[in-house]
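Here is a short briefing on one predicted model. Look over the sequence and the fold before reading on.

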Amino acid sequence: MGSASAGATPGFLVWRLSMKWRVAVDRAVGPLGLTHAQYSVVASLYGMQRSGLRPSQRRLADHTGLEPLYVSKLARGLESAGLLERTRDPKDPRAVQLALTERGRDVTRQAINVVQGLLRQLLEPLGGLDSPRAQAFTHELATLLDAPLDPFGQNSEHEPEQ
């Protein structure tokens, strides 16, 4: 572990790694006209569309972990840039469906390639993308993401005073 990480809590390390990743992705996709948040929207949308889905903003928000209001703002900006289109869902007039434009698919494919290169760099110390350590790390991250996290739940060490 580096000197900045010695004695650090897991929460601090998760935060530092997420910040390191966000900054690296921002820099990597910046030349394509994207931010990390925009990349998370278009890359997720790209994958969902390849699976035959045309998700609503809400479903995309749930998928990315971003707030629905933030996804709406990002989608409007990406629409203005000509990368995606927003249309009303014929089955639910309150819902807005998202789809990448042809230009959006092209930019997203380029961005995915750039970010995959970053991912290979990130996981190199664990033996590379397909190594058993990287696969175990991915499994552990998924386990943590699937665990409920309630700051006021019964497992909190800091119960409110009564």
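A pocket, on a 1 Å grid over the protein atoms alone, is an open set of points where a 1.4 Å probe fits, with protein on both sides within 12 Å along at least five of seven lines; its lining residues have an atom within 4 Å of a point. The largest pocket here is lined by 45 residues. L17, S18, W21, F137 and L141 lie nearest its centre. The model is predicted, so local features need pLDDT of at least 70 and side-chain atom pairs count only at pLDDT 80 or more, while totals for chains, interfaces and linings use all residues. Residues are numbered from 1 along each chain as its sequence is written, and side-chain values use heavy atoms, with hydrogens and water left out.

**Overall fold**

- The chain has six helices and two strands. Helices (H or I, at least four residues) and strands (E, at least two) are DSSP runs, numbered from the N terminus.
- From the N terminus on, the order is α-α-α-α-β-β-α-α.
- Along its principal axes, the C-alpha trace spans about 50 × 50 × 25 Å.
- Of the 162 residues in the chain, 28% count as buried. Buried means under 20% relative accessible area, exposed means over 50%, and partly exposed lies in between (1.4 Å probe, protein chains only).
- Among contacts with a separation of 6 or more, 44% join residues 24 or more positions apart. A contact means heavy atoms within 4.5 Å.

**The largest pocket**

- About 2200 Å³ of space lies in the largest pocket. For this volume, grid points are joined across faces, edges and corners, and the space counted is that filled by probe spheres set on the points.
- The elements giving two or more residues to its lining are α1 (10-29), α2, α3, α5 and α6.
- Helix α1 gives the largest share of that lining, 13 residues.
- By type, the lining residues divide into 29 nonpolar, twelve polar and four charged. Ala, Val, Leu, Ile, Met, Phe, Trp, Tyr, Cys and Pro count as nonpolar; Asp, Glu, Lys and Arg count as charged; the others, Gly among them, count as polar.

**Helix α4 and its cover**

- Helix α4 covers residues 68-80. Its 13 residues should span 18 Å at 1.5 Å a residue, and its end C-alpha atoms are 18 Å apart, which agrees. The expected span is 1.5 Å times one less than the number of residues.
- Which residues of α4 are buried? They are V71, S72, L74, A75 and L78.
- An α-helix has 3.6 residues a turn, so residues three or four places apart point the same way.
- The cover over the buried residues of α4 includes α2 (36-50), α3 (57-64), β1 (84-89) and β2 (92-100).
- Q57 sits in helix α3. Q57 counts as buried because its relative accessibility is 11%.
- Beyond its neighbours within four places in sequence, Q57 contacts V71, S72, A75, R86, V96 and L98.
- G82 follows α4 and has a positive phi, near 80°.

**Along helix α5**

- G104 is in helix α5. G104 is buried, with a relative accessible area of 1%.
- Leaving aside neighbours within four places in sequence, G104 touches G82 and L83.
- G104 and G52 are 52 residues apart along the chain, and their C-alpha atoms are separated by 16 Å.
- Q110 also lies in α5. Is Q110 buried or partly exposed? At 40% relative accessibility, Q110 counts as partly exposed.
- Q110 and L32 are 78 residues apart in sequence and 8.0 Å apart in space, C-alpha to C-alpha.
- L118 is found in α5. At 15% relative accessibility, L118 counts as buried.
- Beyond its neighbours within four places in sequence, L118 is in contact with W21, A24, V25 and A28.

- S131 lies in the loop between α5 (102-123) and α6 (132-146).
- S131 counts as buried because its relative accessibility is 9%.
- The S131 side chain reaches the backbone oxygen of L126 at 2.8 Å. The side chain of S131 also reaches the backbone nitrogen of A134, at 3.1 Å.

Conventions. A polar contact is a pair of N or O atoms within 3.5 Å; within protein, one must be able to donate a hydrogen and the other to accept it, and residues adjacent in sequence count only if both atoms are side-chain atoms.
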